[in-house]
2 protein chains.
Amino acid sequence: MKTYLECLPCFMQQALRAGRIATNDEKKLKDLLSSVGEMIKDIPMQNTPPETGDAIYRKVREITGVNDPYKEIKKQNIAETLALYPEMKNIINSSEDKILTAIRFAIAGNVIDFGVNKEFDIQQEVKNNLEKEFAIFDYHKFLQHLEKANSILYIGDNAGETVFDKILIEELGKQVTFVVRDIPVINDATKEDAIASGIDEVAEIISSGTSAPGTILNLCNDDFLERFKNADLVISKGQGNYEGLSNEDRPVFFLLKAKCPIIANDIGVKENDIILKGINI
Amino acid sequence: MKTYLECLPCFMQQALRAGRIATNDEKKLKDLLSSVGEMIKDIPMQNTPPETGDAIYRKVREITGVNDPYKEIKKQNIAETLALYPEMKNIINSSEDKILTAIRFAIAGNVIDFGVNKEFDIQQEVKNNLEKEFAIFDYHKFLQHLEKANSILYIGDNAGETVFDKILIEELGKQVTFVVRDIPVINDATKEDAIASGIDEVAEIISSGTSAPGTILNLCNDDFLERFKNADLVISKGQGNYEGLSNEDRPVFFLLKAKCPIIANDIGVKENDIILKGINI
């Protein structure tokens, strides 16, 4: 997905949100916004938003001196979602279509996104998503691909959401490789967050090699690229990964909630719609 | 009111909103956002937001070549509110406290603000405001000042809202001077808009001399300053005028809806609260 003009004020908002978590120093924060403001003219609109996000959050780290502003928030979100795990397992075990219920939970977890959201209620989101209609629902195709797959590459998104990913991975019943960001960016999951969420019990965890808040192939390492090429099934969680991968030419299944009007419009759905969308299938 | 850091991304959003109404040329719009981005570092945070807004909207006019992007929208809003006028007069005429009901309507009209809002429903707003509790309610003091006043300076805000201002002016029963912006900025009322709203039937209309989307005394003309100094009662509508006048040392009564979290916080109320607040009273 290309960068839209509406993404530009949003980048500035994101910088301020992350900056305010990192520091109370109003002068540093003004410097941060001034720097982001000066970056606008050089942002190539054909780039994907996570490529620009990479530069923006780099600037946040540089000016505030804080490498991982969302560290404590990520810990809290993981603790909160881990506490929901037993109840969610019960719901899945008594549901008619366990994989579909697990997909619904995995998308509910996608609301834990500080790139887009300021506030959310994860328990409410789980409840809503149990009944919510999908705006795009390539489930039948997904099951076909799943059945034939030996290896699954599962590209994670946010910390905390990872607990819900674990639940889905358990239902997939296949050999899964779970992909995380290389270093902290926004509240995206790193290896440490994935392990804290128990992903290591159900999947191999690898880094895509990127510090961008999304998966952009030319910023990824060779190991990831090899696995992306060869995986029987690729599952991509969330907006940042969609933005980076939506124009690639291999089959990918995207699980996400369209949390901003721009991405909703790009996909052709409404804001807050939930999506299970396959490309090149 | 000073400029808060949160105002800076908002200025960029406002520039894009006005720019998109003025032109479909994506390159011009990118240039506009780049220019606004470069302005950020030079924005003095001790300035009031309308001072910066003045520069931002000047840039919108300069880069898009469109002097009054909201011209058609303003016409529509005036037509829509004029259509409500008879019904609102009926409600006032059958209400126990006519002035208070007219104040409620005048505040409801303040929702017609494209600086803050993308969407609103004016009829719904009128209904809501009939019952809504005021977060600050200096009504008793207002009535005292009104009773003693011979001359009232009424500083208008948005086009369309002006029809509701007319209704309040009719209930005040005093000699009123109605103040408009000198040239079009956002959807703020100009002399033309005030006349189209029928204000000329109930008040003298003057320009404050400013192109800023708010009243900043050092940008106003001598005629306005003289009247501001000498008026028995000053009524100020909306956020932009509050932002410009909240630290002045003469009595002013502000009527507004706190439409953004920043101004709500500055006043000490919650977002969407309605306010009748007097200073130096």
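Q: In which loop of chain B is B:Asn272 found?
A: In this predicted model, B:Asn272 has a phi near 75 degrees, a positive value in a residue other than glycine. With 15 C-beta neighbours inside 10 Å, B:Asn272 counts as partly exposed. Its place in chain B is the loop between helix 12 (261-267) and strand 7 (274-279).

Q: Is B:Ile186 buried or exposed?
A: B:Ile186 belongs to the loop between strand 3 (175-180) and helix 9 (191-196) of chain B, and its phi is positive, about 45 degrees, although it is not a glycine. Burial calls for 20 or more other C-beta atoms within 10 Å. B:Ile186 has 26 such atoms within 10 Å, and therefore it is buried.

Q: How many Å separate the centres of domain 1 and domain 2 of chain A?
A: Chain A is divided into domain 1, which covers 7-64, and domain 2, which covers 71-279. Taken over C-alpha atoms, the centres of domain 1 and domain 2 of chain A are separated by 25 Å.

Q: Which element of chain A gives the largest share of the side of domain 1 that touches domain 2?
A: The contact between the domains takes eleven residues from domain 1 of chain A and 14 residues from domain 2 of chain A. On the side of domain 1, the residues divide into five nonpolar, three polar and three charged. The elements of chain A that give two or more residues to this side are helix 1 and helix 3 (49-64), and the largest share, six residues, comes from helix 3 of chain A.

Q: How many of the residues of helix 1 of chain A are buried?
A: Helix 1 of chain A runs over residues 7-22 and reaches 22 Å from its first C-alpha to its last, close to the 22 Å expected at 1.5 Å a residue. This helix is largely enclosed by the rest of the structure, because the number of its residues that are buried is 14 of the 16.

Q: Which helix of chain B gives the most to the side that touches chain A?
A: In the contact between the chains, 17 residues of chain B meet 17 residues of chain A. The side of chain B that touches chain A divides into nine nonpolar, three polar and five charged residues. Helix 1 (7-22) and helix 2 (26-39) of chain B each supply at least two residues of that side, and the one that gives the most, with seven residues, is helix 2 of chain B.

Q: In chain B, which residue has the C-alpha nearest the axis that relates the two chains?
A: Chain B is superposed on chain A by a rotation of 180 degrees with 0.0 Å of shift along its axis, at an RMSD of 0.0 Å, and that is the relation of a two-fold axis. The same surface serves both copies, with 100% of the contact residues of chain B recurring in chain A. At 1.8 Å from the axis, the nearest C-alpha in chain B is that of B:Gly37.

Q: How many Å apart in space are A:Val111 and A:Leu5, C-alpha to C-alpha?
A: A:Val111 lies in the loop between helix 5 (98-109) and helix 6 (122-131) of chain A, and it is buried, with 25 other C-beta atoms within 10 Å. A:Val111 and A:Leu5 are 106 residues apart in sequence, and in space their C-alpha to C-alpha distance is 23 Å.

Key:
Residues numbered from 1 in each chain as written. Chains lettered and ligands numbered in written order. Predicted model: local features only at pLDDT ≥ 70, side-chain atom pairs only at ≥ 80, totals over all residues. Helix = DSSP H or I, 4+ residues; strand = E, 2+ residues; numbered from the N terminus. Expected span 1.5 Å × (residues − 1). Buried ≥ 20, exposed ≤ 12 C-beta atoms within 10 Å, placed from the backbone. Domains from an automatic or database assignment. Contact = placed C-beta atoms within 7 Å. Nonpolar A, V, L, I, M, F, W, Y, C, P; charged D, E, K, R; others polar. Least-squares fit on C-alpha atoms with pLDDT ≥ 70 in both.
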